[in-house]
Amino acid sequence: MTPGPATTTASNHSPPGGQRGRANRFRPFLSNLGADVPASLVVFLVALPLSLGIAAASGAPIMAGLIAAAVGGIVAGSLGGAPLQVSGPAAGLTVIVAGLVQEFGWQATCAITAAAGVVQLLLGVSRVGRAALAVSPVVVKAMLAGIGVTIMVQQIHVLLGSGPAGSAIENLANLPAAITNVEIHAALLGLTVVIILVAWKHLPAAVRKAPGPLAAVAAVTALSVPLAPAVERISFSGSILDAVALPALPEGNWRAVAFAVLSMALIASIESLLSAVAVDKMHSGPRTNLNKELMGQGTANILSGALGGLPVTGVIVRSATNVEAGAKSRTSAILHGVWILIFSALFAGMIQLIPLSVLAGLLLVIGAKLIKVADIRTSRRTGDLLIYVVTLFCVVFLNLLEGVLIGLALAAASVLWRVLRAAIRVHEPVSPSSAWRITIAGSCSFFALPRLNRVLHSVPAGNAVVVELNADYVDHAFRESLVAWRDQYRAAGGSVDLEEHGNTLFQDAEHRAPQRQEARELPLPPRNSRTADGTDDCDRRGSERLPAVLAGISKYHRRFADQVRPLVEDLAEQQHPDTLFVACVDSRVNPNLITSSGPGDLLTLRNIGNVVCHDGQDASIDSALSFAVKGLEVNTIVVCGHSNCGAMKAVIADAEGAGNPGLGAGFDAWLEHARPSYLELLADHPVARAAAAAGYCRLDQLGMVNVAVQLSKLDNHPVVGPAIAAGDVQATGLFYDIATARVVLVTPHGIESLDPAQALVQATGAAAG
C-alpha cells in the first residue's frame with residue numbers, strides 16, 4: 001500500500017525510533033527536575049554531617065563516610081527499585097563496622113563490605129527480596145534501639161574528651177573515669193550541639209528551613225575556632241580522591257570473615273528493605289521493587305567497598321527528608337550523591353575544622369532518636385515487651401547479629417506458643433439441672449495434650465458433660481486423647497456430648513493429615529444436626545434430654561447471646577428494616593442466611609407457597625404489606641420461592657385430579673392463591689421457558705412462575721402498587737435452589753443466576769450451544 005500525503009509528511013519529519021525512545025526516557029527526568037534539584041540540596045545538607053559522624057563512630061577514615069554517601073546516592077539511586085529512597089552510610093551498621101575494623105583492620109573491612117554486596121546482589125537476582133521482610137518488627141525496633149544505646153554509650157566518651165572502648169561493658173565501666181577527667185571545652189561544644197538539635201523544632205519556621213544537623217554542626221564549629229582552638233578535630237590528608245583505597249583480603253580466620261559477610265549482607269538488606277517499605281507509605285507514587293532494590297544496594301556496596309567506603313543501606317532519615325522536601329523521582333537521590341562528591345573534592349579542608357566532640361553531640365541525638373518510647377509502648381501493649389528487652393540487651397552487650405538472632409528465635413518461640421496453644425477451660429454447672437461444660441478453642445495439637453488431660457480429669461465422674469470444640473486445627477493425637485477420655489467417662493456412668501463449632505471437622509483428624517480450614521462465616525448450623533461424636537445434639541437437664549428447641553436455646557445462651565447483644569442493643573426500642581421478605585414456611589429456607597443479613601434487616605412474612613393475595617382476600621397479608629410500606633417505609637419487597645416446594649406439588653396434584661387428601665379444606669382453600677400460577681405455566685409463561693432452558697424440572701418451573709405471578713399482584717395492590725410506580729419501593733423475585741444452595745433472580749420475563757461462577761458456566765454453555 002502506498003502511503004498518503006499525510007503519512008509521507010509524518011514519516012519525513014518524525015525522529016528515528018531510537019531518538020524518540022531517548023526523548024521519552026528523558027521527559028520524566030526533565031519534568032521532575034524543578035522539584036528534584038531543591039530536594040537533592042536539602043538531602044545533601046542533611047547527609048553531609050551524618051555521614052561524617054557515622055564514619056567517626058565506626059572507627060573508619062572520615063572520608064569513607066563521604067565515599068559511601070556519594071556511591072549510595074549515585075549507584076543505589078540509579079539502579080535500586082525504590083524511587084524516593086536515599087542510600088548511604090547508616091547508624092544501624094555502626095556497631096558491626098566498628099567491630100570489624102578492630103578485628104580485621106580497615107582495608108579488610110572494605111573487602112567484607114564488597115563481598116556483602118555480592119551476597120545482596122545474588123539475593124536480589126534470586127528474587128528473595130520479600131522473604132527478607134519475614135522479620136518480626138519488634139526485633140527490628142529493638143535492634144535499632146540497641147544500636148542507639150551502643151552509639152550513645154560510645155560517643156559520650158568522645159563528647160567528654162576521652163577515647164571510647166571496644167565494648168559497651170567497657171564503656172560503661174570507664175564512664176566514671178571519663179567524667180572525672182572531662183575536657184571542658186570539648187564537653188561544652190558537644191552539649192551545645194545537643195541543645196541546639198533538641199530545641200530545633202521549637203525555633204521559628206524561618207530558622208527551621210535550614211537542616212538542623214547542618215546548622216548545629218556549622219554554628220558550633222564556627223564558635224570553636226576562636227573559643228576552643230586546641231580542641232581535637234577531624235583529621236585526614238588529601239581530598240576524597242586521595243582517600244580512595246583498594247580493599248585487602250583478611251589474613252586467615254575465614255570462618256569469622258564469612259560470618260561477617262553474611263551478617264553485614266543480611267542486616268544491610270533488612271534495614272534497606274524496611275526503610276523502602278516505610279518510604280512507600282509516605283508518598284503516593286510508584287511502589288518499590290524490593291528485588292531490584294536489593295540488587296541496587298548490592299551493587300552500591302560492591303563499589304563502596306572497592307573504593308574504600310563504608311557499607312551502604314537505605315536510610316530512613318534521609319529518605320523521609322527527601323519525600324518531605326518534595327522529591328518526585330530518583331533524580332533527587334542521584335543528585336544528592338553528586339553534590340557530596342563535588343563538596344568532598346573541592347572543600348575537604350573545611351571538614352577538618354569540625355571538632356570530634358561536635359560530631360559526638362550529633363551522634364548522641366541520632367542514637368537517642370533510635371530509641372522510640374512509642375515502640376516500647378506498642379511492644380508492651382502487644383505482649384512483645386520481653387522480646388524487645390532481650391533483643392536490645394543482647395545487641396548492646398553481645399553483638400548486633402547475635403542479638404538479632406536471639407530476638408528472632410524468641411519471637412518465633414512466642415508465635416509458636418500463641419498459635420499452637422489451645423484455650424481449654426472447665427465450667428462448673430450454674431445450677432443442679434445443668435451440665436458441666438468444657439470449652440476448647442484454638443489449635444488442638446499434641447502440644448495441648450498435657451493441659452487437655454489435666455482439665456478433662458478434673459471433671460467429677462458420673463455427670464452430664466458438654467464438650468464445646470471450636471478448633472481451627474485438630475491433629476490425630478488430640479482427637480485420640482479426647483475420644484479415649486469420652487469413652488472412659490461414659491463407661492464410668494457419665495454422659496458426654498461433643499459439640500463442634502470451629503472450622504476444622506473433628507472426625508477428619510482420624511483419617512487424613514491435619515490441616516487448617518477456611519473460616520466459616522455461616523450462622524448457626526441446623527439445631528437438629530448431629531454432634532461430632534455421632535449423637536444427637538441436645539442438652540440434658542438432670543438425666544433427661546431437653547426438647548430440641550429448648551436445647552437450641554440452651555446452646556444459644558451459652559455460646560451466642562453475649563455475641564448477639566451488641567447487634568441488637570440499638571434495636572431494643574425500634575426497628576428499621578429495609579426489606580419485606582415474603583417467603584414460604586418451608587423449614588429449609590432461611591431468609592437471613594441467603595441474604596447475609598442480621599437482626600433488624602428483614603421484616604419477614606411467611607406463608608404456604610410464598611403467595612401475595614389480592615386486596616381484601618387475606619387481612620394478615622394486607623396488614624403486613626401496609627405496615628411494611630407505610631409504617632416502616634421499606635424500600636424493597638422480595639418474594640422468594642424455593643425448589644421442591646410442597647405447595648407447588650399440591651397445586652399440580654390438585655390440577656391433575658389427584659387432590660390432597662388429609663390436609664383439610666383450609667389448605668385446599670389457601671391453594672386458590674397459587675392456582676393462577678399453574679395456569680400461567682400451562683400458557684408457556686416466559687419464566688417457565690427460561691427455567692426449562694436452564695434445566696429445571698416442571699415442579700421448580702412452577703415455583704419460579706409462581707414468584708413472577710405474585711410480583712404482578714404487588715403491582716396491582718392499592719398500597720404497594722403506587723409505591724412501586726413512584727419508585728419508592730422495588731419489587732424483586734428470588735428462587736432458592738435447595739440442592740445447590742444457589743439463589744436465582746426471577747424477573748417478569750425470565751431468570752438470572754446471582755452466583756457469578758454459575759452465571760459464567762451458563763453463559764459459556766449458551767455460547768457453545
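User: What's the strand order in the open sheet of four strands?
Analyst: The order is 3-4-5-6, and the pairing is mixed. Keep in mind that this is a predicted model.

User: Which strands stand at the edges?
Analyst: Strand 3 (423-427) and strand 6 (495-500). Each has a single partner strand, so one side of each is left without a neighbour in the sheet.

User: How many degrees are neighbouring strands turned against each other?
Analyst: On average 15 degrees, with direction ignored.

User: Do strand 3 and strand 4 run parallel or antiparallel, and how many bridges join them?
Analyst: They're antiparallel, and five bridges join strand 3 to strand 4, which covers residues 436-444.

User: What stands opposite His427?
Analyst: That's Arg437, in strand 4.

User: Ok, helices. Which strands does helix 20 lie across?
Analyst: Helix 20 (residues 449-456) lies across strand 3 and strand 4. Its direction is at about 5 degrees to strand 3.

User: And which ones does helix 21 lie across?
Analyst: Helix 21 (residues 476-491) lies across strand 3, strand 4, strand 5 (464-474) and strand 6. Relative to strand 5, helix 21 runs at about 175 degrees.

User: Switching topic: how many aromatic pairs does the structure hold?
Analyst: Five. One of them is Phe446 with Phe447, a stacked pair at 4.5 Å centre to centre and 25 degrees between the planes.

User: Why does that one count as stacked?
Analyst: Because planes under 30 degrees apart count as stacked, and this pair has 25 degrees between the planes.

User: Is Phe447 buried or exposed?
Analyst: Phe447 counts as exposed, at 52% relative accessibility. The cut-off for exposed is over 50%.

User: Now Asn171. Where is that found?
Analyst: In helix 7, which spans residues 168-180.

User: Buried or exposed?
Analyst: Asn171 is buried, with a relative accessible area of 3%.

User: What does Asn171 touch?
Analyst: Leaving out residues up to four places away in sequence, Asn171 touches Val153, Gln154, His157, Pro164 and Ala165.

User: Last thing, confidence. What pLDDT does the chain average?
Analyst: The average is 82, and 86% of the residues score at least 70. Over residues 1-23, though, the pLDDT is below 50, and that stretch has three contacts in the model beyond near neighbours in sequence.

Note on methods:
Residues numbered from 1 in each chain as written. Predicted model: local features only at pLDDT ≥ 70, side-chain atom pairs only at ≥ 80, totals over all residues. Heavy atoms only, no water. Pairing = 2+ DSSP bridges. Helix = DSSP H or I, 4+ residues; strand = E, 2+ residues; numbered from the N terminus. Axes fitted to C-alpha atoms, helices over the stretch in contact; angles between N-to-C directions. Contact = heavy atoms within 4.5 Å. Phe/Tyr/Trp six-rings, centres within 6.5 Å; stacked < 30°, edge-to-face > 60°. Buried < 20%, exposed > 50% of the residue type's maximum accessible area, 1.4 Å probe, protein only. pLDDT = per-residue confidence, 0-100.
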